[in-house]
Amino acid sequence: MLGFFGVCQIISVPVASAHHRDFTFLRDWFLPYAGENEIESRTSFVTKDKVFVQEFEFEHGFTDHFAIEPGIEFHGEPGEPNHLDAWDVELRFNFGEFAFNKLLPALNVEYEHPVDSEESDRAELKFILSVYGRDGSDLSFNVNVGQQLRDEKEKEGEFLIGYSRPLTKGESVESGHFIGFRGGFEFMRDFQEHHMLLGPTVSYRPSKEFNILGTVAFPLNHEDENHTQLKLIMEWEF
């Protein structure tokens, strides 16, 4: 199985142009290439409470190492109208040049402003490390730490691990995108309640412009408070 990055290497397509998401909860090292735009829909659903959170974001790559991602978030629950919660902006950076079997660092800085003026603004840092294999695999680690900016200044944080690789031989197109199925897993553990979630992630890119991926994350502990989560992401690049 040649895989995504093997194909890119053979046809001499710059790896920096191959932007796609492998995970729904995690981020990895790759950013949009300079000048690339993307519209992203992220839907989260908690099975116990039947509450969903919907986010829409626009992403633009200014350079191969810097991108900006503004967005909005709303939620819905049974018997209640959908409610606009917040707008946010995320600055995304990665460092170093791509190489196989090398730890590649990245950093995301996010600011969130609630629509409800009684709620506190929030800031979050996402520390990212990724390692890419010649078989197309992606092993990524995230440490996310966030805090309210006023009131009680409540803190939160989590540790995440994800692994993804091609499930089919697939093909590449001129842009370097992998056309086909990828699969793997995601694991999450929060620092406050020590809840742990683990589940499979599958993605499918039918064309170079469109990618869809989903995760079902099952609780590993504290099942009275920690519930199964579903997450679906659709991204359209142009």
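Modeller: Let's start with open space. The largest pocket has a volume of about 1700 Å³, where volume means the space filled by probe spheres set on grid points joined across faces, edges and corners. A pocket is an open set of points on a 1 Å grid over the protein atoms alone, with protein on both sides within 12 Å along at least five of seven lines; a cavity is a set where a 1.4 Å probe fits but cannot get out, and lining residues have an atom within 4 Å of a point. This is a predicted model, with pLDDT of at least 70 needed for local features and 80 or more for side-chain atom pairs, while totals for chains, interfaces and linings use all residues. Residues are numbered from 1 along each chain as its sequence is written, and side-chain values use heavy atoms, without hydrogens and water.

Biologist: Which residues lie nearest the centre of the largest pocket?

Modeller: Arg122, Glu124, Glu156, Glu158 and Gln229 do, out of 50 lining residues. By class, the lining of this pocket has 26 charged, 14 polar and ten nonpolar residues. Here Asp, Glu, Lys and Arg are charged, Ala, Val, Leu, Ile, Met, Phe, Trp, Tyr, Cys and Pro nonpolar, and the others, Gly among them, polar.

Biologist: And how many cavities of 30 Å³ or more are there?

Modeller: Two by this rule, and the largest cavity has a volume of about 60 Å³. Ten residues line the largest cavity, with His20, Arg21, Leu26, Arg27 and Asp28 nearest its centre. Five of those lining residues are charged, three nonpolar and two polar.

Biologist: How should I read a nonpolar core?

Modeller: In soluble globular proteins, nonpolar side chains tend to be buried together. A core is a set of buried Ala, Val, Leu, Ile, Met, Phe, Trp, Tyr and Cys residues joined through side-chain atoms within 4.5 Å. Buried means under 20% relative accessible area, exposed over 50%, and partly exposed in between, with a 1.4 Å probe and protein chains only. The largest core here has eight residues: Trp29, Phe30, Phe98, Phe100, Leu104, Ala106, Ile128 and Tyr132. Strands S5 (104-114) and S6 (122-132) are the elements that give two or more residues to this core. A second, separate core has seven residues, including Phe25, Leu26, Leu160 and Ala217. Over the protein, 46% of the 238 residues count as buried.

Biologist: Where is lysine 50 found?

Modeller: In the loop between S1 and S2; those strands form a hairpin with four residues between them. Lysine 50 has a positive phi near 55° though it is a residue other than glycine, and at 52% relative accessibility it counts as exposed. Aspartate 151, in the loop between S7 (138-148) and S8 (155-166), also has a positive phi, about 60°. Aspartate 151 counts as exposed because its relative accessibility is 53%.

Terms used. Two strands pair if DSSP finds at least two bridges between them.
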